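Please keep the sequence and the model in view while reading.

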Amino acid sequence: MIAEPNSVANLPNHKENGIHEEVVSESTVQNGSCLRNGNVKTFRGKRKIREQCENRRRHPSDGRRPNQPQNGEVVEAVTLFEVVIMGKSAMQSVVDDWIEAYKSDRDVALLDLINFFIQCSGCQGMVTAEMFQSSQNCDVMQKMTETFDEATGLQYKKFMAYPWILTVTWPVDMDDKDYPLVKAGPYWKKFRTNFCDFTSVLVQQCQFSILYDNYLMDTIISLLSGLAESMVRAFRHTSTLAAMKLLTALVNLIVSIDVSKHNLERLYEVEKSRPTGKRTNTRLDQLEKKKKEYEQKHLDIENMMNAIFKGTFLQRYRDIIPEIRAICIEEIACWMTTYPDRFLTDSYLKYIGWMLYDKQPDVRLKCLQGLQGIFGQKALGCKMDLFTCRFKDRLVSMTLDRDHEVAVQAMKLLMLMSQNYEDALSSEDCETLYQFVYATHRPLAVAAGEFLYNSLIIQEIEIEAFSKSNAKWEPNSSQLRALIDFFLESEVKLHSHVTYLVDSLWDWAPSLLKDWEYMTALLLGNADSHEQALTDAHERVLIEIILATVREAAEFHPPVGRGGTRRILSSREKKIQVEDCTRITEHFIVVLPQLLAKYSVDTEKVTNLLHIPQYFDLELCSAELLDKHLDTFLSEIKAVVNKHSYTDVLNACARVYATLCGEDGSGHKKVGLARDELVDELVHTLNQCLDTFWDEGGGFRAEKEGIHHICLTLRRITAFHHAHDLTRWNLYDTLAKLLGFEVEQNALPVQVLWPAFQCAYSALLWQLSSALETTSSKESILALRTHLKQYCHICTCYLSHRSRKLREKAFMILCDLLMIVSHQGLSDGLIECVEYLPSSSLQSKLLFFVEDHVFAEEPKEFRVLTGEEVKKMEEQKLDALQQKRCLLAAYCKLIVHNVVEMTAAAEIYKHYMRTYNDFGDIIKETLSRTRQNDKIQSAKTLILCLQQLFQKHARSQDNSNSINSIDSSFNNIKELARRFALTFGWDQVKSRESVAMIHKDGIEFAFQGIGALEGKSLPPNLNFLLILSEFSNKLLKPDKRLVYSYLLRYTSEPALCKEEFVYSLEWYRTSLLASDEDESSIISSISEWPSDRTPCKKNLSEGSCAKTSHTEMANTPSHAHCPSDLPSLAQNSRKRLKSHDSCHQEYPSGPERLKRKYSIPDGVMVENTVEVLAEEADIDVVGADQET
């Protein structure tokens, strides 16, 4: 609530401006009271209601937003804050009411306005005011403070709001992140808009009355400047927004005054130029007086603007809060475009230039948007030369900003600069910006596409001559050639993605990109005769552009990498899509045969042309046109099949037949008949060739020409079998015989075996697909089972083939086939017949293959290489690495889906550290997936991996168990264990059982064979405890104690008590215990264990932990719980236990620690303790299976 000062209206020396010579008594200030107004009868009732509203606001009963209508209740707005927060639409009438109140009693009205700004800051405290009536008061500077009163727990701010000294009091726990301007939701968003409108309307309505009274604006400006200096974020944010909007309103006002003044000067000149008889001096005097009045207003507003700029903007444009900085930059850009004569100078432009380097993207975005408004006006370009010279490089670099929206707006700004100002960007800058059409982020690529289209393609338009040959106007010729030339230049610079280029230009040049008639006319040579013929490179790029535009029009979706999920098309977009598909089908069904005939020899061009029919929609095409040209089209495709042997061309032809036939065979009948005829010819040719080359003794004899003919036929059949179901031609038996002959004789060339391998695999997949989709007979299913086993055996044999390429192909096919037939997605009846799980020998062969082909180190060549040889070798290494990654991923899928045993992953994990850069992501994903499937078995696999590595290290060290045997290989194993521990993450409760199992197996492995040694020597694996200690920090504190109690079972041997052999044991023990008290508490609890208690047995080798009911826990003393059982998680109320830093402190290491902790008496104590545990406690910790 705001308290009102003593009215100066009744004082004898009252002046118009309300300044009085008397000083308010100090007691008034100290008591926090304020002077009462003695002549405010008109507003007494209003003030009473306002005080009630303030009390409700400070003490809300239900914690809801103040003054917001609830349950249809109509709340009467009393104060300005209540009016604005309720969103009263007639803001002008609200301001007019306040102006009338100001004219009646300006002190009361001003205090209401001051209270409005304070409340808009979210302050629910007290606002008091004391009159500053003497400029000689020496205490004024001491009162301009912001302090905290420890006695009351309140925070105070005193500042000047001339002619008052305001004191704002608020609770110290006021939330800086919860005030009206930053609150979310449409309600508070509307409040922000109303708040800004109120400030603007206030200046607009006051311009004809009270704006220039040297009282209102002085008070508001001093108030906002004082609040802007506060340490409280809410005050700074609200006052800065109000001050900037106030200055914007003043800028608009001064512009209108300048316009009126200019019109007045013109009228004065006209009046003055009249003849003496018609000119009246009175009129001239009036105009002169009016002109001086405008000049005075202009001067007053200039002073107000300077005060706000220096008092608020200069202090807050570098504020720590990015929202405040963004407000300042947004408004100064608005001033520059509205009033360029004053603000569009280098002294103001420098602030925007500096903030282009701001760390927050929102601030950088406001700078770019403001500059767009400036550079969008050509008339302002003459004032931007120095700014452009200074900050152009920064603007160009902002297209690479990590915030996508900033990069997009930077591209749009540079486009405006290039369009409106000559020589603003150099040719190098433009070339750099053009390459962004290949960017992954589509909005940035589209903005770059607009820049490219406006700057390069449109400028290449030349007036085309009217063609006499076809009497057709071709305006797209120069644009299309410019686009092709640009892509060819980009292709040299590493960009060869015409699909992304077309997608970037799709929104700006649809008429150019959809002009398929002209594009195909250029290819066929049917364009204007005066045009220059296309080169081979131009033809290749033009065909790629045609394919990309057809795909974009038919799918109506960005290419892969630029678009997320497919959005739902609107009715207008669907209509455009249908029209484009109809045009594509009707045009290319006629033209495509001619293009195929012309480019039938060129593999790349034919392949791209054959991709176009997959976007045909024969249902939209007229039956007459289809019947007329379909036969020609099919004959050309058949000719391409018979002419080419490249896999890409053959696959494209097969997909054309599949597209025209339809997925369910519902396509055109002519297409199906043509396909069957072609397959019949190919199969007949293959059988004829094979019959010729099989000799009477079952061997195979063929010349080089015959082998080549068989290879070509197999390639064509393989391509069609991949896309079509050719089961009725019974190709599998023929191919299986061919592959089996190679297994026995090892005499066939690889170029024959490769397509045969793929074709047989496709035949099996089609048989399996048919068995899944339809009800097959038992005989066909049994035949399928026989074929599967036979083919798997063939693949297994080919794992050791002489050709590495064929070995890798057999491995990939075998892994995929095992994934398919290992009960994944098969029906219950089909599982029993075709389920095929790999045997142990096959699993071993697969694992050996991975070790040999993925992780084996290749020999290095030591010879001097040229630059071209180095580049070629690097490409070969990348290709080989990609192939290795595919092999490893295929095998890891078998592990993840339980096709092979999970323990096989241990061999993969061994190479994690050495091959981290190449295969680390695959191995980590395998570990994560296996842990999701079975966390206990996954933990056992990790510890098995470490055990095998440790045994290998021990053998290399002649089974030495001393500390000196720890070398770099041992440290590598320890580092691998640390990496494994990091994969468990921070959730110790979630990984509790897995980590417990690791420690259990690790302890048993470390003390393996201790009974047979009979205390004569140390266990050979004792140093494994050093590796196991890497998992100790993943144990919860209770589990550490229980694991330590289990460790005590194995530490009773005399050999373990000798100082020179306990380093590993001491290190592991230290990792489990945080203090001596932990050790003593565990030992005492074990030694005092009662013998007549109920045993709590649990076999933890199964991976589960003991569970105890709440009743048993409550009725049993704390020392009676089994210390060696690792408790499981409480399933009903699972909580994350707090970690204690003390549990993770390490014991001091070295000789001093060893001598202090492990003397002989301590060893005797441990031995006695374990004896008590064994005799008095019937406990099965984790080794129940061993004791039985």
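The structure is a predicted model, in which local features need pLDDT of at least 70 and side-chain atom pairs count only at pLDDT 80 or more, while totals for chains, interfaces and linings use all residues. Residues are numbered from 1 along each chain as its sequence is written, and side-chain values use heavy atoms, with hydrogens and water left out.

## Nonpolar core

A nonpolar core is a set of buried Ala, Val, Leu, Ile, Met, Phe, Trp, Tyr and Cys residues joined through side-chain atoms within 4.5 Å. Buried means under 20% relative accessible area, exposed means over 50%, and partly exposed lies in between (1.4 Å probe, protein chains only). In the largest such core there are 320 residues, and Leu113, Tyr791 and Tyr891 have the most contacts inside it. Helix 9 (residues 233-272) supplies the largest share of this core, 16 residues. Helices (H or I, at least four residues) and strands (E, at least two) are DSSP runs, numbered from the N terminus.

Contact means heavy atoms within 4.5 Å. When neighbours within four places in sequence are left aside, the contacts of Tyr791 include Tyr732, Leu739, Phe757 and Ala760, as well as Tyr761, Leu764, Ile813 and Leu817.

## Helix 8

The expected span of a helix is 1.5 Å times one less than its number of residues. For the 13 residues of helix 8 (residues 216-228) this gives 18 Å, and the end C-alpha atoms are 18 Å apart, which agrees. Helix 8 is mostly covered, with 12 of its 13 residues buried. Among them are Leu216, Met217, Ser222, Gly226 and Ala228.

## Two loop residues

Ser121 occupies the loop between helix 5 (106-120) and strand 1 (126-131). With a relative accessible area of 1%, Ser121 is buried. Its side chain reaches the backbone oxygen of Phe117 at 3.1 Å, a polar contact being a pair of N or O atoms within 3.5 Å; within protein, one must be able to donate a hydrogen and the other to accept it, and residues adjacent in sequence count only if both atoms are side-chain atoms.

Pro1020 is placed in the loop between helix 42 (1010-1013) and helix 43 (1024-1028). Its relative accessibility is 37%, so Pro1020 counts as partly exposed. Gln951 lies 69 residues from Pro1020 along the chain, and their C-alpha atoms are separated by 9.4 Å.

## Aromatic side chains

Rings of Phe, Tyr and Trp (its six-membered ring) pair if their centres lie within 6.5 Å; planes under 30 degrees apart count as stacked, over 60 as edge-to-face and the rest as tilted. Across the whole structure, 41 aromatic pairs are found. In one of them, the rings of Tyr434 and Phe451 have centres 5.5 Å apart and planes at 45°, so the pair is tilted. Tyr434 belongs to helix 17 (residues 427-434) and Phe451 to helix 18 (residues 442-457), so the pair ties together parts 17 residues apart in sequence. Tyr434 is buried at 5% relative accessible area, and Phe451 is buried at 0%.

One aromatic cluster includes Phe309, Trp335, Tyr348 and Trp354.

A charge sits over a ring if NZ of Lys or CZ of Arg is within 6 Å of the ring centre and within 35 degrees of the ring normal. Two such cases are tabulated.

| Charged residue | Ring | Distance to ring centre |
|---|---|---|
| Arg394 | Tyr357 | 4.8 Å |
| Lys1034 | Trp986 | 5.5 Å |
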